[in-house]
Amino acid sequence: QKFYIIFVSLIALIVIGVFVARDSVSLAPLPLEALAPNVSAFSKFDRAKILEISQEQSDQIGQINRIIQTVQVRFTTGALADSEKELTYEISDSKQKLKVGDTVVIAETSNPDIEGGEEFYIVDQYRLPALGVFALIFVILAIIFGKWRGVTALVGLAFSLCVLLYF
């Protein structure tokens, strides 16, 4: 019976993982050098919401299919909160395409080669809510299957994380 419960729980986790993460799982994005050859590091990260996809084009580079989306975003965090910008997003897999309403992470960097000195790049989709769901599922399953040992294991894990983060 215990084997059956574990088996059903694993199947449930896989199914939940597929449904929760199917829209937020992506392959590795294009390397930084391909996106910004003159830029060495990003200085700030903010979140933004996709308001509109104004253009989408596709081309082939060797065996890689490159998709370029021009999107209008509204910043939701940082110094530029509530301001809008038009950005270009280059991807190599159609599963990574942005949709209106998606929340994305935007990186800002200084580039003396352009007017204004600042460049913005869409780095990735914002996935923290999906990670929170997985963490909650992990905690619930640890308590259900481990009972008191599961609770103490979670306390130990939290203590270990505190030690790693604060010392």
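## Strands and how they pair

Two strands are said to pair if DSSP finds at least two bridges between them. Helices (H or I, at least four residues) and strands (E, at least two) are themselves DSSP runs, numbered from the N terminus. With that in hand, look at β1 and β2, which pair in the antiparallel sense over 12 bridges. In this pairing, K49 stands opposite R74 in β2. The hairpin of β1 and β2 has two residues between the strands, and G62 takes a positive phi near 65 degrees there.

β1 has another partner to find: it pairs with β4 in the antiparallel sense over six bridges. Here D46 stands opposite I106 in β4.

## The model and its overall layout

This is a predicted model, in which local features need pLDDT of at least 70 and side-chain atom pairs count only at pLDDT 80 or more, while totals for chains, interfaces and linings use all residues. Residues are numbered from 1 along each chain as its sequence is written, and side-chain values use heavy atoms, with hydrogens and water left out.

The protein has three helices and five strands, and along the sequence they follow the pattern α-α-β-β-β-β-β-α. Of its 167 residues, 26% are buried (buried means under 20% relative accessible area, exposed over 50%, and partly exposed in between, with a 1.4 Å probe and protein chains only). A contact means heavy atoms within 4.5 Å. Among contacts between residues at least 6 apart in sequence, 53% join residues at least 24 apart.

## Inside: the nonpolar core

A nonpolar core is a set of buried Ala, Val, Leu, Ile, Met, Phe, Trp, Tyr and Cys residues joined through side-chain atoms within 4.5 Å. The largest one here has 14 residues, and V73, L98, V104, I106 and I122 have the most contacts inside it. Two or more residues each come from β1 (44–61), β2 (64–75), β3 (84–91), β4 (103–110) and β5 (118–125). β2 gives the largest share, four residues.

Which residues does I122 touch? Leaving out residues up to four places away in sequence, I122 touches V71, L87, Y89, L98, V104, V105 and I106.

## Outside: surface and patch

The accessible surface comes to about 11400 Å², and 63% of it belongs to carbon and sulfur atoms (areas come from the Shrake-Rupley method with a 1.4 Å probe; for residues, only the protein chains shown count as cover).

Part of the surface is a nonpolar patch of about 1300 Å² of accessible area, whose members include F138, L157, F159 and F167. Patches are made of residues with over 30% relative accessible area and no salt bridge; like charges are joined within 9 Å, and nonpolar side chains (Val, Leu, Ile, Met, Phe, Trp, Tyr) within 5 Å. L157 lies in helix α3 (residues 128–166) and is partly exposed, at 41% relative accessible area.

## Salt bridges

A salt bridge is a side-chain nitrogen of Lys or Arg within 4 Å of a carboxyl oxygen of Asp or Glu. By this rule there are six. One of them joins E56 and K97, with the closest N and O atoms 2.7 Å apart. E56 lies in strand β1 and K97 in the loop between β3 and β4, so this pair ties together parts 41 residues apart in sequence.

E84 lies in strand β3 and R74 in strand β2, so the pair ties together parts 10 residues apart in sequence. Finally, salt bridges that share partners join D59, R66 and E90 into one network.
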